[in-house]
Amino acid sequence: MAERISIIGDGGWGTALALLLLENGHKVTVWGHFPDHIKTIIQRRENELYLPDVKLPPELNWTSERAEAVEKADVVVLAVPTKFMRPVLTSFAGMLPDSCRVVSVSKGLDQQTHKRMTQLAEEIIGHAPVAALSGPSHAEEVSRKIPTAVCIASSNKNNSRHLQKVFSNSRFRAYTSDDVAGVELGGALKNIIAVGVGISDGIGFGDNTRAALITRGLVEITRLGHALGAKEATFAGLSGLGDLIVTCTSRFSRNRGV
């Protein structure tokens with residue numbers, strides 16, 4: 001069944017997911033903060049700043065108006081960089097339809113409180129439960145229909161299963177979980193290890209060193225995640241080991257490239 005989906009965030013990941021959801025038959029609107037950038041995207045049918053060389057179909061809607069973006073939305077996707085999530089959520093507070101489902105696809109923690117993005121969203125916009133989508137999923141590949149698998153976590157099983165159907169197709173498979181903390185922490189903590197791997201690669205160390213960092217890094221991530229309330233098994237899955245591997249090895253990885 002086609003749904004009305006609002007994507008808050010016009011970056012590469014938000015754009016890639018918009019293309020995926022449009023392909024799945026949904027009506028998709030993408031919101032961006034800067035009107036001039038949105039106008040350029042509409043005119044050129046390309047997000048040159050964040051996802052260059054990917055053509056955007058005219059059926060994909062773009063807006064910088066908040067009310068227009070979330071009006072009658074069945075699903076709201078939070079795709080804003082984590083450092084901007086708090087002010088953006090605050091600007092949307094009270095505007096989301098009461099019945100809509102909310103899912104965060106942003107990886108990281110709130111700089112002020114160190115809360116996870118679902119916790120922050122539930123606190124500011126008042127929708128609960130907010131789901132989390134994470135896993136090895138670079139926007140550059142998803143937008144080009146490269147086979148990808150992710151994990152969608154929610155404390156409500158019906159919510160995660162519904163979102164699974166919304167996002168999944170033959171090239172993008174979503175698995176479900178009830179471990180929201182584990183899925184979000186895996187996506188946030190792996191960035192630290194990826195920076196270390198980038199340092200190792202940059203000074204000329206080899207595959208042995210990279211493998212050691214990834215393997216022992218996963219142990220540390222799992223221990224810390226468990227201490228913060230997550231399930232250890234989650235970190236052996238897509239949102240843990242899977243995301244760690246791709247972030248530590250891919251040419252698209254910003255953290256490795258730092």
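Reader: Which residues line the largest cavity?

Author: The lining is made by Ser104, Val105, Ser106, Lys107, Ala132, Leu133, Ser134, Val183, Glu184 and Gly187. This is a predicted model, where local features need pLDDT of at least 70 and side-chain atom pairs count only at pLDDT 80 or more, while totals for chains, interfaces and linings use all residues. Numbering runs from 1 along each chain as its sequence is written, and side-chain values use heavy atoms, with hydrogens and water left out.

Reader: Why is this space called a cavity?

Author: On a 1 Å grid over the protein atoms alone, a cavity is a set of points where a 1.4 Å probe fits but cannot get out, and a lining residue has an atom within 4 Å of a point. The largest cavity holds about 50 Å³ of space, and the structure has two cavities of 30 Å³ or more. Volume here means the space filled by probe spheres set on the points, which are joined across faces, edges and corners. Strand 8 (131-134) and helix 8 each give at least two lining residues. Both labels are DSSP runs numbered from the N terminus (helices: H or I, at least four residues; strands: E, at least two).

Reader: What makes Glu23 and Arg171 a salt bridge?

Author: The rule asks for a side-chain nitrogen of Lys or Arg within 4 Å of a carboxyl oxygen of Asp or Glu. In this pair the closest N and O atoms are 2.1 Å apart, so the pair passes. Glu23 lies in helix 1 (residues 12-23) and Arg171 in the loop between helix 7 (157-167) and strand 10 (172-177), so the bridge ties together parts 148 residues apart in sequence.

Reader: How many salt bridges does the structure hold?

Author: Twelve. Among them, Lys55 and Glu46 meet at 3.3 Å, N to O. There is also a network of salt bridges linking Asp201, Asp207, Arg210 and Arg256.

Reader: Is Glu46 buried or exposed?

Author: Buried means under 20% relative accessible area, exposed over 50%, and partly exposed in between (1.4 Å probe, protein chains only). Glu46 has 10%, so Glu46 counts as buried.

Reader: Which residues make the nonpolar surface patch?

Author: Ile199, Ile203 and Phe205, covering about 330 Å². Patch residues have over 30% relative accessible area and no salt bridge; nonpolar side chains (Val, Leu, Ile, Met, Phe, Trp, Tyr) are joined within 5 Å, like charges within 9 Å. Ile199, in helix 8 (residues 180-202), has 52% relative accessibility and so counts as exposed.

Key. Areas by Shrake-Rupley, 256 points an atom, 1.4 Å probe, with all protein chains shown as cover. 1 Å grid on protein atoms, 1.4 Å probe; cavity = no way out; pocket = protein on both sides within 12 Å on 5 of 7 lines; lining within 4 Å.
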